[in-house]
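I opened my notebook to go through this one piece by piece. Here is what I looked up, in the order I looked it up.

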Amino acid sequence: MKSYAFLFWGYLVVWIGLVGYLASLGRRMTALARRIERLENRREA
Amino acid sequence: MSAERPAPPGFVRAAALVARKDLAVEGRTRESMAASLLFALIVLVVFAFAFDLDFVRRTGVSKIVPGMLWVTLAFSAIVGFNRSFATERARDALTGLAIAPVDRGAVLCGKAFANLTLLVLLEAAVIPLTGIFFDVDMVTAAPPLAAVVLLHSAGLAQLGTIFGAVVSRLGRGEAFLATLLLPAATPLFLSAVHCTATVFEGSPLAGDAKWLLITAGLDVLYFLVAWLLADAILEDA
Amino acid sequence: MRTGLNRTFAAVLVVSAVLIGCALGLIFLVAPEEKVMGAVQKIFYFHVPIAAMTFLSVFLLLAGGAGYLWTRRAIWDHLAVAASEVGLLFCTLVLITGPIWAKPAWGVWWTWEAKLTTTLILWLLLAGCLLARRYAATPEQGARIGAVLGIVAALDVPIVYKAVDWWRGQHPIVFGPGKTNPLAPGMSEAFGVSMLAVLTLYLVLLIARIRLSSLEERIAELEDASGRFR
């Protein structure tokens, strides 16, 4: 049924968008957190 | 020579000084006017290729020409706004402006007035040309047309000054001005096209009182916003 | 590895996941299929809350921009950036799900009616704000310009809406003044839970994005202090 195809794509887009953004935020944050730890350790050393 | 520094100029005087300076600079070089006028001409020609005169006549002049006119004005005004701030940046004159002991709101007001004057001069050339290229009688409709154009140009010039000032701080900011200005100017644009169409049809402008009042309100609003945000906009240079 | 997101954040994340699960359950298992539009109407359960969050973003952007210009404290700028970015994401989702719903429902992908057009203009304004920040010479300038542009954009949105509304109007009005609740039973609950789910998820993303800005700020402090990078 054509209707269901549209429904499927609609939901897919929404979820890819939201989860994808959350994942990219998570990745950026862990990368930054690692850098911060390195910089702070270097300072204390 | 008096040992005391003269008091800094008040708002109106400061704005007038800035406006006069801008217009004097432009009057001498006519750089900005030439660039925007030439661009406007080119846009009109492109429109003539896009919608040929026969098609315009058949569809009805008041349906197409107002839109074409305002698109042309919007883009050529942007050329003008960009150049008005570009000269400042080139000679770092904005620093001088920003640290001068005057109300920064006055500086923006003066610049907006200068931009409006130049815009009106541009329109004085572009509108008759549009009438010629697309066979529209501008003469009988002149007074209401002038009122509509002036009212909407005031808002456009004010917005263009705000965004032009912001964008002049950014590296390679000139490319941005259209991207930022045009979405924000949507209400002005819609109203301008609608009211211009009314004028071309020969209908009385009073029927569009709603649009005209709102535009007048927007003109005031944009002025207030510029005044309130002037310090933040002109802070650094 | 400290990202600074603590247990409370994790808890809220779990809550939002649970709410989303409930919402999906209600939408697909409980809520009846709409008579006229068929199954595709179910997009509405997320389309409308996402649109609502987009407009919440505009308000938060206004608050963040004004707050930053008033106090010059970084937290307000973090709010403005987060509201712009998450708002842009949600706006994109609205603009994609809208046409996906519209095509089977009305037969066209797009019309220039008030809500759609305003959302498109909003998208352009938010994208412009974010793009302009990138071109700034220093973070402070970026924050200031972002605040100014954000304030102007936020003030402009209602004006654009009214202007386009006068110019045309056609969006299906489901909730309006004086209308009795047009949703069939079963639909209201699904809609309410969806709204809550999307709101919670929005807050999760907003807080995470603000936290990201704080981390970036900390890095800038450390790099300045160590003197080596700059």
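**Entry 1: a loop residue in chain B.** I began with B:D135, which sits in the loop between α6 (104-133) and α7 (142-168) of chain B. Helices here are DSSP runs of H or I with at least four residues, strands are runs of E with at least two, and both are numbered from the N terminus. I looked up the backbone next: phi of B:D135 is near 55°, a positive value in a residue other than glycine. Is B:D135 buried or exposed? B:D135 counts as exposed because it has 12 C-beta neighbours inside 10 Å. My cut-offs: 20 or more other C-beta atoms within 10 Å of a residue's own make it buried, 12 or fewer make it exposed, and anything in between is partly exposed, with C-beta atoms placed from the backbone.

**Entry 2: housekeeping.** I noted that this is a predicted model, where local features need pLDDT of at least 70 and side-chain atom pairs count only at pLDDT 80 or more, while totals for chains, interfaces and linings use all residues. Residues are numbered from 1 along each chain as its sequence is written, and chains are lettered from A and ligands numbered from 1 in the order in which they are written.

**Entry 3: two loop residues in chain C.** Then I went to C:R72, in the loop between α2 (44-71) and α3 of chain C. Phi of C:R72 is near 60°, again a positive value in a residue that isn't glycine. C:R72 comes out as partly exposed, because 14 other C-beta atoms lie within 10 Å. I also checked C:A137, found in the loop between α4 and α5 of chain C. C:A137 has 12 other C-beta atoms within 10 Å, so it is exposed. From C:A137 to C:W109 I count 28 residues in sequence and 41 Å in space, C-alpha to C-alpha.

**Entry 4: chain C as a whole.** Chain C has six helices and zero strands. Of its 230 residues, 44% are buried. I also looked at contacts in chain C between residues at least 6 apart in sequence: 78% of them join residues at least 24 apart. A contact means that the C-beta atoms of two residues, placed from the backbone, lie within 7 Å.

**Entry 5: a helix pair in chain C.** Two packed helices are described by the angle between their axes and the distance between the axes. At what angle do α3 and α5 of chain C pack? Helix α3 (residues 74-106) and helix α5 (residues 139-167) of chain C pack at about 55°, with their axes 10 Å apart. That makes α3(C) oblique to α5(C); under 35 degrees would be roughly parallel, over 145 roughly antiparallel, 65 to 115 roughly perpendicular, and the rest is oblique. The axes are lines fitted to C-alpha atoms, for helices over the stretch in contact, and angles run from 0 to 180 degrees between N-to-C directions. On the α3(C) side I found C:D77, C:A80, C:V81 and C:S84, and on the α5(C) side C:A143, C:G146, C:A147 and C:G150. By class, that contact has four nonpolar, three polar and one charged residues. Nonpolar covers Ala, Val, Leu, Ile, Met, Phe, Trp, Tyr, Cys and Pro, charged covers Asp, Glu, Lys and Arg, and the others, Gly among them, are polar.

**Entry 6: where chains meet.** I then looked up chain A, where 26 residues are in contact with 30 residues of chain C. The side of chain A that touches chain C has 15 nonpolar, four polar and seven charged residues.

**Entry 7: chain A on its own.** Chain A has one helix and zero strands. Its C-alpha atoms fill a box of roughly 65 × 10 × 5 Å along the principal axes. Buried residues make up 18% of the 45 residues in chain A.

**Entry 8: one last residue.** What does B:I233 touch? Leaving out residues up to four places away in sequence, B:I233 touches B:L108, B:I162, B:A165, B:V166 and C:V148.
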